[in-house]
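Try each task before you read its solution.

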Amino acid sequence: MAVASDAATALRPLDPAYVLKEAGAVAAIVFALSISLVGFKTEDVPGGITVVTRFGAVAIVTVIAFFGRLGLILLREGRPFPVLVTALPFALALFALLLWDQLFAPEIGLRRFLPFGDIIVNWLLAIFAAILAGRAAWTFRHEPREQSAEEREKKMDRVVAAPVQRAARLVGPLLLGFAIILPFLPIADRRLLDIGILVMTYIMLGWGLNVVVGLAGLLDLGYVAFYAVGAYSYALLATHFDLGFWICLPFAGIMAAFAGILLGFPVLRLRGDYLAIVTLGFGEMVRIILLNWYDFTNGPDGISGIPRPSFFGLPFVRNPPEGTETFHSFFGLSYSPIDRIIFLYYVILLLALATNAFTLRLRKLPVSRAWEALREDETACRSLGINPRNTKLTAFAIGAMFGGFGGSFFATRQGFISPESFTFIESAIILAIVVLGGMGSQIGVVFAAILLIGLPEFFRELQQFRMLAFGATMVTIMIWRPRGLLAHREPTIHLSDEKTPTGHN
Amino acid sequence: MGYFLQQLINGLTLGMIYGLIAIGYTMVYGIIGMINFAHGEIFMISAFISIITFLVLGLLGMGWVPLALVLILVTTMLLTAVYGWALERVAYRPLRGSPRLAALITAIGMSIFLQNYVQLLQGARIKPLQPVISGGFRFLSESDFSVNLSYLQIFIIVLTICLMLGFTALINRTALGRAQRACEQDLGMAALVGIDVDRTISLTFVMGAALASVAGLMFLLNYGVIDFYIGFLAGIKAFTAAVLGGIGSLPGAMLGGLLIGLIEAFWSAYFTVEYKDVAVFSIMILVLIFRPTGLLGKPDIEKV
């Protein structure tokens with residue numbers, strides 16, 4: 001008890017006026033933010049539009065902001081008790097109501113007690129209250145301690161990133177093994193395999209972009225352009241010259257690599273953000289050209305009827321033309337549409353693994369050392385005799401090549417491509433995967449892709465919230481770990497006469 | 001000749017809108033050296049706030065256009081400025097001193113977030129608005145063509161010039177402007193001599209958002225339709241304008257905006273409409289290659 005009273009006397013006295021002022025200010029700002037876009041909704045009526053009001057939601061949001069901020073202030077000042085006794089029952093009540101609503105259908109009529117009309121927003125509020133209560137409970141046990149951003153960063157490195165990186169040697173093969181047997185597991189249905197294919201496409205693109213962004217430090221916001229070049233190369237070659245997927249794949253890669261060099265030449269002198277914005281412009285230019293060059297690309301209508309890949313010449317179709325062998329008849333199986341999905345799954349797994357192996361080997365080559373040196377200091381590199389032009393161009397070309405491979409896989413999987421699929425948002429997603437995972441970290445890309453692509457795909461029902469959550473996740477992760485989730489890197493070389501290797505920790 | 005003059009007028013009007021957005025990019029880049037990628041979304045949000053205010057005033061029976069316009073302008077500037085402030089406070093301030101890439105990713109994330117936020121709250125359909133200011137002058141009438149200078153275009157041009165004069169005075173004459181210029185030269189040094197750096201940066205975002213909100217209102221009046229996606233392209237073009245004029249330079253942003261507007265108008269008129277964006281991006285790339293500091297920018301010397 002003595003300890004508790006000591007702690008209580010050590011607390012600063014609260015100034016109610018100040019506390020109310022701070023919480024009130026936050027509430028006022030939330031009110032100003034929400035009054036326009038939340039308070040009024042534009043609706044179509046015959047002959048124009050009109051507005052309907054939603055002032056109830058504004059009031060609720062403002063009140064929540066006020067009390068939420070009040071709770072945070074109390075936690076900051078070391079007074080968790082009132083927060084706990086308010087937030088916990090509130091969260092529990094809300095969860096109970098929501099579960100009731102989910103389980104016993106809405107006709108019981110409890111829905112009108114929920115603060116918001118939309119169920120998802122209510123869930124978010126409940127989770128927020130639960131987090132607040134959790135933090136209050138945590139503050140009970142632990143002294144609130146100010147941590148600088150750097151301290152937190154180091155702690156996270158030590159607690160999370162380093163063990164994961166060390167475990168990567170184990171986790172990597174485990175994940176790989178899981179990926180290999182996934183199609184034969186009982187849980188594997190068509191939907192799961194589709195998500196797996198999608199996630200692995202992004203993993204592959206992430207590894208490809210990692211060469212440009214992570215290793216060479218060239219910020220590329222137009223990566224989707226190479227993806228598009230690869231997809232259109234395959235689609236056009238296949239539909240015009242009747243070539244197969246495996247023959248076109250290298251061509252698509254080469255075309256994309258050329259596009260990379262083409263882009264690389266003019267932007268060699270640019271640095272950092274300028275480079276980012278020029279690559280973004282390049283990506284948009286490619287999309288606009290694809291959209292408007294109707295004779296060549298079929299414009300906004302896109303290219304359809306792109307041939308599916310075949311298993312060493314054996315197609316995956318139910319009723320083949322007379323006299324041709326198909327996959328199921330050759331192996332004496334009954335036809336199943338999922339065969340083709342499984343095959344696609346293994347194709348992208350193979351492509352992704354090849355990308356990984358290639359980039360990992362690449363890191364041991366002089367050119368990769370030159371990329372990393374160039375990333376750290378271009379001027380110093382130049383004086384050491386590294387040719388920045390060729391070095392950057394190789395990075396662009398190799399990164400673009402993997403983008404091209406990914407693109408032609410995309411084309412063969414979809415069977416239909418149009419410029420719609422190659423918007424800026426794709427570039428942003430791939431870049432986000434690389435940066436959120438921790439630049440240069442191979443396993444980080446995998447985690448980030450699962451987090452950003454796989455999870456949202458599972459929550460398809462929340463379709464309209466998907467991109468909102470995506471943007472919010474990007475911001476949150478960057479604020480929480482500005483160097484990426486798994487950015488920590490163990491030094492690869494130690495001084496041989498290091499005295500106490502066991503001394504720290 | 002008449003056709004040329006008409007495109008000149010259209011291009012200048014468009015350029016004024018780009019210039020007002022570009023100032024927000026250039027100020028932020030000048031002070032904290034980041035591309036505020038979400039600035040285009042702030043512009044888009046302001047267009048939505050404008051249309052909502054229009055409709056609300058219409059429902060309230062406000063019929064006199066000049067007063068309505070003033071009210072809308074003030075409301076939109078205030079409410080959008082709050083968005084600009086909140087954006088900086090929530091997403092960018094925690095990242096000060098982090099790697100530049102982190103700030104850029106956060107900005108892109110914020111941009112995606114705000115786009116979908118507006119789409120969720122207001123719906124994905126385009127929002128049309130009847131012309132508010134109609135009529136204009138006709139001159140240089142030829143047989144089948146006459147140059148048309150609408151009252152709306154006069155309104156846009158006059159308002160932009162007034163705003164620019166006021167804004168220049170704010171930057172050059174007031175304590176806030178002095179603090180801002182000091183922060184632009186050296187953040188650490190400015191903090192040492194007693195400038196509240198956080199506050200100055202916040203106010204920079206507020207000013208940028210307020211100017212972008214005027215652009216949003218003008219865009220709404222000029223085109224008559226908006227949707228949640230207008231911020232992306234307008235934002236990129238405005239950033240191009242800022243780069244073209246020399247990033248960090250305020251007159252440069254306006255000049256760049258005007259040039260981009262003119263290029264777009266003339267390209268659409270004399271070549272193909274479809275490739276006007278390609279023309280804008282190509283010019284940006286050319287400028288960056290041959291004059292990386294832009295037209296009015298200061299050379300950026302990098303030390304090892």
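**Exercise 1.** Is Glu22(A) buried or exposed?

Before the solution, two notes on the model. This is a predicted model, where local features need pLDDT of at least 70, side-chain atom pairs count only at pLDDT 80 or more, and totals for chains, interfaces and linings use all residues. Residues are numbered from 1 along each chain as its sequence is written, chains are lettered from A and ligands numbered from 1 in the order in which they are written, and side-chain values use heavy atoms, leaving out hydrogens and water.

*Solution.* Start with the cut-offs: buried means under 20% relative accessible area, exposed over 50%, and partly exposed in between (1.4 Å probe, protein chains only). Glu22(A) has a relative accessible area of 15%, so this residue is buried.

**Exercise 2.** Which side chain meets Glu22(A) in a salt bridge?

*Solution.* A salt bridge is a side-chain nitrogen of Lys or Arg within 4 Å of a carboxyl oxygen of Asp or Glu. For Glu22(A) the partner is Arg69(A), at 2.6 Å from N to O. Glu22(A) sits in helix H2 and Arg69(A) in helix H3, 47 residues apart. Helices here are DSSP runs (H or I, at least four residues), numbered from the N terminus. Arg69(A), at 28% relative accessibility, is partly exposed.

**Exercise 3.** Look up the accessibility of both partners in the Glu378(A)–Lys392(A) salt bridge.

*Solution.* First find the contact: the closest N and O atoms are 3.4 Å apart. Next, Glu378(A) is buried at 14% relative accessibility. Finally, Lys392(A) is buried at 5%.

Notes:
Helices (H or I, at least four residues) and strands (E, at least two) are DSSP runs, numbered from the N terminus.
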